[in-house]
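Subject: Structure handover

Hi,

Here is the structure I promised to pass on to you. Please open it alongside this email, and then read on for what turned up in it.

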Amino acid sequence: MAHILLRHRDVPDINKIDVYKKNGGFDAFKKAVTKMKPEDVTAVVKNSGLRGRGGAGFPTGMKWSFIDNKNWPHYVVANADESEPGTFKDREIMESNPFQFLEGLALSCYAVGANVGYVYLRGEFWQVAAFLDEKIAEMEKAGFLGDKLFGTEYSLRIYTHLGAGAYICGEETALLESMEGKRGQPRVRPPFPPSYGLYGKPTIINNVETFTNVPMIMANGADWYKSLGTADSAGVKIFSLSGRVRKPGNYELPFGSTFRQLIYEYGGGVQEGRPVKAIMPAGASSSLIVVDDKVLDTQMDYATVRTIGGDLGSASVIVLDDTVDMDWVVNKTIHFFKHESCGKCTPCREGNYWMQSLTAKIHEGRGKQEDVDLLLNVAKQMQGKCLCALGEFSTMAVVTGIERFPQDFKKAVNR
Amino acid sequence: MSLEKKYPKEVKQILAKYPPEQKRSAVMPLLYLAQREEGYVNKAAMQNIAQMLDITETEVASIVGFYSLYHDEKAGKYRMQVCTDLPCALRGADEFLNNLCGNLGIKVGETTPDGVVTLEAVMCLAACDKAPMFQTQGPDGIKYHENMTVDRTMELIEALKKSDAGVK
Ligand SMILES: Cc1cc2nc3c(=O)[nH]c(=O)nc-3n(C[C@H](O)[C@H](O)[C@H](O)COP(=O)(O)O)c2cc1C
Ligand code: SF4
Ligand code: FES
């Protein structure tokens, strides 16, 4: 099937504006602004079944319909923080198919009545931001951004904003704080961004991949989109495949494709032909899933992955083979979360500090079974008590690692 | 010299991105500008930015402290930041970094004696399928180097030593 999101793999030079235009680019945006009411755009997105691609899978059209029309101005912010270990899809979109992403962002701005859209990129995407700035300038020159677009009263500007190396800024309210020039620490919710967002104004935040779907949905219709994927999860998804596979990379597949297809058909199987021991379907924030034939044949969509003890999240599939010890994996993930905890709430700040010293002790062979029990206890104590999802994420691999791979921890404490 | 004097065009462009009454939002891009030449933000620059945005110097300093790409101390001209996070580590990133240390004769966190490269280990850079990889943060901004070998990295370091980027 031709790509819907990674279209640069089928259409060379689609990151050039004339090539993008020749391939139907900006037709959807022009049609929306000149012929459609904003709420009709939202209705199409709602009917398409599109769900957010940043991890939580929240229905996109429904989010847009929550925008508070009593409070103005409105903003739309694209979340291009992409910092979950194992995730590298938004970067490929922005580098290679930037106009489709920007058109999707523009459509969203029109749908919710925003005259300014921002792209918040992680600071390391310095070159990507410079590239997007060029593309935005080209859109302005071609009349797709600016004042009174297509002779209507609608005006739109898009700006990039660089973060500076903080995973927590991917959390949408921390992202907003960061954009306001503060430390990136999550806000207490509710209120949610569609009523209280950037500068306290109604704001829609979506992931880069989410926006990139929108021009194709507007062009081909909600029913077309819904016909792809599964009843629970409409459309296509980019799976970032990493770890011990022969061909790591991004693969765009319809929801409902299986782990086996992703790992063996596309990823070329495991290095040295070894068996898959575990997968993490949502990056470092994932549960560790024990892999057998049944798991390999599981359909990848939001609902089905839940039945095998995990979440699909951002679909960053990390493959672990039988040479990998889970005490090592957990030590790595906690090293990450300890570093990235923003420190605002005690369970996450202290819990990760504690978990780090325990995972290091266990992995380095200085631990006893009591340390493993204590680690599990600390992780479980944290669950449900943290202000934002990062705290919860940090416990996932620890708890599932110890509970599902006890032999690895036994081996570690007897080292 | 103040940022407005040194980079008038850039400062204007940055401030234009945000509503005039929300100019505090410009603190992050201004810090990148302040850091451009010396690789760290000194006290005078923090004062300068605080004044420009009507916030306190402490607030600016707390931003510098919070985000890992801002630095308040001088290091090598280039920070070489190797990703050793889980997916990269599954593809040999730890060994790569170790070998690099051996070749350079420095430990992680240290700077080569000529002051050109500071070696650091960092978290995922969204290039997990192209490990071993690192970014360089220096006078010419941030650049990715992917699918690297120790040999090619040593060549890059030689090139960085000869480069005159950032020299006025
Ligand atoms: C710690 C943390 C990190 C996150 N990082 C990202 C990220 O890098 N990119 C992203 O799009 N969403 C990220 N999210 C999810 C966002 O908070 C938010 O749900 C998402 O941007 C909404 O867009 P969507 O509905 O299109 O998925 C993160 C959430 C948490 C709790
Ligand atoms: S859970 Fe962690 S990251 Fe989230 S607010 Fe609390 S300390 Fe910060
Ligand atoms: S883990 Fe190294 S770039 Fe993602």
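This is a predicted model: local features need pLDDT of at least 70, side-chain atom pairs count only at pLDDT 80 or more; totals for chains, interfaces and linings use all residues.

Residues are numbered from 1 along each chain as its sequence is written, chains are lettered from A and ligands numbered from 1 in the order in which they are written, and side-chain values use heavy atoms, with hydrogens and water left out.

**The sheet in chain A**

In chain A, four strands make an open sheet in the order E3-E2-E1-E4, and the pairing is parallel. Strands (E, at least two residues) and helices (H or I, at least four) are DSSP runs numbered from the N terminus, and two strands pair if DSSP finds at least two bridges between them. Strand E3 (157–162) and strand E4 (203–207) of chain A are the edge strands; each has a single partner strand, so one side of each is left without a neighbour in the sheet. On average, neighbouring strands here are turned by 20° against each other, direction ignored; the axes behind such angles are lines fitted to C-alpha atoms, for helices over the stretch in contact, and angles run from 0 to 180 degrees between N-to-C directions.

Seven bridges link strand E1 (residues 74–80) of chain A to strand E2 (residues 114–121) of chain A in the parallel sense. Within this pairing, A:Val77 is opposite A:Tyr118 in E2(A), and A:Ala78 is opposite A:Val119 in E2(A). E2(A) also pairs with E3(A), again in the parallel sense, over six bridges, and there A:Tyr120 stands opposite A:His161 in E3(A). Six of the eight residues of E2(A) are buried, leaving the strand mostly covered. Buried means under 20% relative accessible area, exposed over 50%, and partly exposed in between (1.4 Å probe, protein chains only).

Ligand 2 is surrounded by 13 residues, the closest being A:Cys342, A:Lys344, A:Cys345, A:Cys348 and A:Cys388; a residue is near a molecule if one of its heavy atoms lies within 4 Å of it. By class, this shell has nine nonpolar, three polar and one charged residues, where Ala, Val, Leu, Ile, Met, Phe, Trp, Tyr, Cys and Pro count as nonpolar, Asp, Glu, Lys and Arg as charged, and the others, Gly among them, as polar.

A:Thr346 belongs to helix H15 (residues 346–363) of chain A. With a relative accessible area of 45%, A:Thr346 is partly exposed. Its C-alpha atom is separated by 9.2 Å from that of A:Leu387, 41 residues apart along the chain.

**Chain B**

Chain B has eight helices and four strands, and from the N terminus on its elements run α-α-α-α-α-β-α-α-β-β-β-α. Of its 168 residues, 54% are buried. Its C-alpha atoms fill a box of roughly 50 × 35 × 25 Å, taken along the principal axes.

The four strands form an open sheet in the order E2-E1-E3-E4 of chain B, with mixed pairing. At its edges are strand E2 (117–122) and strand E4 (141–145) of chain B, each of which pairs on one side only. Neighbouring strands of this sheet are turned by 25° against each other on average, direction ignored. Strand E1 (residues 78–83) and strand E3 (residues 134–138) of chain B run antiparallel and are joined by four bridges; B:Val82 has B:Phe134 as its bridge partner in E3(B).

Best wishes
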